[in-house]
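Dear colleague,

My notes on its aromatic contacts and its sheet follow.

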Amino acid sequence: MENIEYRQLTAADFAAGALDGFVRTQQVHWCWRWRQGRLVLEEHPFVDDWKEEQRRLVERLGREAAGRGWAYGAFCQGELAGFALLDCRPRGSSGQYRELHMLHVSQPYRRFGIGSRLFCMACQGARQAGGEKLYLSAHSARETQAFYRRLGCVEAQEPQPDLVAEEPFDIQMEYVL
């Protein structure tokens, strides 16, 4: 896909209603689950999407992240095609982690490398913020896991209890910066 503009986002990019045209929908058929200490692929068909209150929460989180300077976006003809939110507060036993809080690409723009480019931007920001590793609590869908594993992510050595509790089916991952 040509003419994609990548840039650091500002709070204005997450104004109320900014994500109204963003298509978060994901058809999920297979998910990875921990079974007896190993990951097993299981059939779990459902549609993953934001409800209205979740969309507004993401806008608020985006404003907060952008206000600190840790949000990145991809635009196609002025439309937000994808974004990544990076939380640069140290995590982990030695503060080694910086958290990739969110990375989403709108459905019409998937499979064009936008997510990979946003991931690289988040990694650069995490390095600048003193991180040694990027931490992510990633959706367990087969496609989502394949995406992160292609980029070099592996299971986290130190799963973060609060993130595990928040999304118990997510796979806790890390990426060495």
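The structure, which is a predicted model, holds seven aromatic pairs. In one of them, phenylalanine 22 and tryptophan 50 are stacked, with 5.8 Å centre to centre and 25 degrees between the planes. This pair links distant parts of the chain, its members being 28 residues apart: phenylalanine 22 belongs to the loop between β1 (4-8) and β2 (26-35), whereas tryptophan 50 belongs to the loop between β3 (38-48) and α1 (52-68). Both phenylalanine 22 and tryptophan 50 are buried. Together with Phe14 and Phe83, Phe22 and Trp50 form one aromatic cluster.

Aromatic rings also meet charged groups. The ring of phenylalanine 169 has the charged end of arginine 33 over it, 4.1 Å from the ring centre. Likewise, the charged end of arginine 117 sits over the ring of tyrosine 6, at 4.2 Å from its centre.

Turning to the sheet, seven strands make up an open arrangement in the order β1-β4-β5-β6-β7-β9-β8, with mixed pairing. Its edge strands are β1 and β8 (154-155), each of which pairs on one side only. Strands β4 (residues 71-76) and β5 (residues 79-91) run antiparallel and are joined by six bridges. Phenylalanine 75 has leucine 80, in β5, as its bridge partner. Helix α3 (residues 142-150) packs on the sheet, where it touches β6 (97-105), β7 (133-138), β8 and β9 (171-176). The direction of helix α3 makes about 20 degrees with that of β9.

Yours sincerely

Notes: Residues numbered from 1 in each chain as written. Predicted model: local features only at pLDDT ≥ 70, side-chain atom pairs only at ≥ 80, totals over all residues. Heavy atoms only, no water. Phe/Tyr/Trp six-rings, centres within 6.5 Å; stacked < 30°, edge-to-face > 60°. Helix = DSSP H or I, 4+ residues; strand = E, 2+ residues; numbered from the N terminus. Buried < 20%, exposed > 50% of the residue type's maximum accessible area, 1.4 Å probe, protein only. Lys NZ or Arg CZ within 6 Å of the ring centre and 35° of its normal. Pairing = 2+ DSSP bridges. Contact = heavy atoms within 4.5 Å. Axes fitted to C-alpha atoms, helices over the stretch in contact; angles between N-to-C directions.
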